[in-house]
Amino acid sequence: MNIIVLAGGLSPERNVSLSTGTMVTEALRGLGHRAALVDLFFGLEGYDGALEEIFDAPLSGEAKHISTVAPDLEQVRASRKDQSASVFGPGVLEVCRMADLVFLALHGSCGEDGRVQAAFDLMGIPYTGAGYLGSAIAMDKDLTKRMVGDVVSTPGWKTVQYTAEDIDGLVEKARLPLVVKPVASGSSIGVSIVHTHE
């Protein structure tokens, strides 16, 4: 099969996604597939070969080593030659249409939230994973817990929107220990385990 492994994008989980995508591409090639790693945001910016040869393009192993520093997304955005507002980099949709399948190795809001899936559904591009609606619902932890709370047991939780002025009041009411995490993120980015009020 000709498979595009779509990774990267513009989320705080960009580095994790590129690592995942590199390893998935290597594994698919090891199984005999023609697989190409494509960054959702940068697209084919650095590729100068024939479009149909993308599936055999060499891989860089540097993405396998995940940086412990979150990417500066403004810097990433500014470094794209094509400064369009599109989340899809140059050539991404064209090569995805050429593929037998797109393996979604995207993490975070740039691929797990259903937007890419919805675009692919509209264009008839086959992809792996859940559809746009399930992805959108599951990306929002608060919405998911409210929807399945009657049938799935989870630890106690509370969604809080706050300003700096609200923090002291929240701390006074907190039952420790607790876990604080963003409502729509993954890969443990932004997660804190809180043991003290300080």
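Guide: The largest pocket holds about 1200 Å³ of space. This is a predicted model, in which local features need pLDDT of at least 70 and side-chain atom pairs count only at pLDDT 80 or more, while totals for chains, interfaces and linings use all residues. Residues are numbered from 1 along each chain as its sequence is written, and side-chain values use heavy atoms, with hydrogens and water left out.

Visitor: What makes a space a pocket and not a cavity?

Guide: On a 1 Å grid over the protein atoms alone, a cavity is a set of points where a 1.4 Å probe fits but cannot get out, whereas a pocket is an open set with protein on both sides within 12 Å along at least five of seven lines. Its volume is the space filled by probe spheres set on the points, which are joined across faces, edges and corners.

Visitor: Which residues lie nearest the centre of the largest pocket?

Guide: Of the 30 lining residues (an atom within 4 Å of a point), Lys158, Val160, Leu178, Val179 and Val180 lie nearest the centre. Helix H7 (167-173) gives the most to the lining, four residues. Helices and strands here are DSSP runs, of H or I over at least four residues and of E over at least two, numbered from the N terminus.

Visitor: Why is Gly134 called partly exposed?

Guide: Buried means under 20% relative accessible area and exposed over 50%, with partly exposed in between (1.4 Å probe, protein chains only). Gly134 has 39% relative accessibility and therefore counts as partly exposed. Gly134 belongs to helix H5 (residues 132-139).

Visitor: How do you know that the span of helix H1 is close to the expected one?

Guide: The expected span is 1.5 Å times one less than the number of residues. Helix H1 (residues 14-30) has 17 residues and reaches 24 Å from first to last C-alpha, close to the expected 24 Å. Gly32, with a positive phi near 95 degrees, follows H1.

Visitor: What makes a set of residues a nonpolar core?

Guide: A nonpolar core consists of buried Ala, Val, Leu, Ile, Met, Phe, Trp, Tyr and Cys residues joined through side-chain atoms within 4.5 Å. The largest has 28 residues, and Ile4, Leu6, Val102 and Phe120 have the most contacts inside it. Its largest share, four residues, comes from H3. A second, separate core of eight residues includes Leu18, Val24, Leu28 and Ala105.
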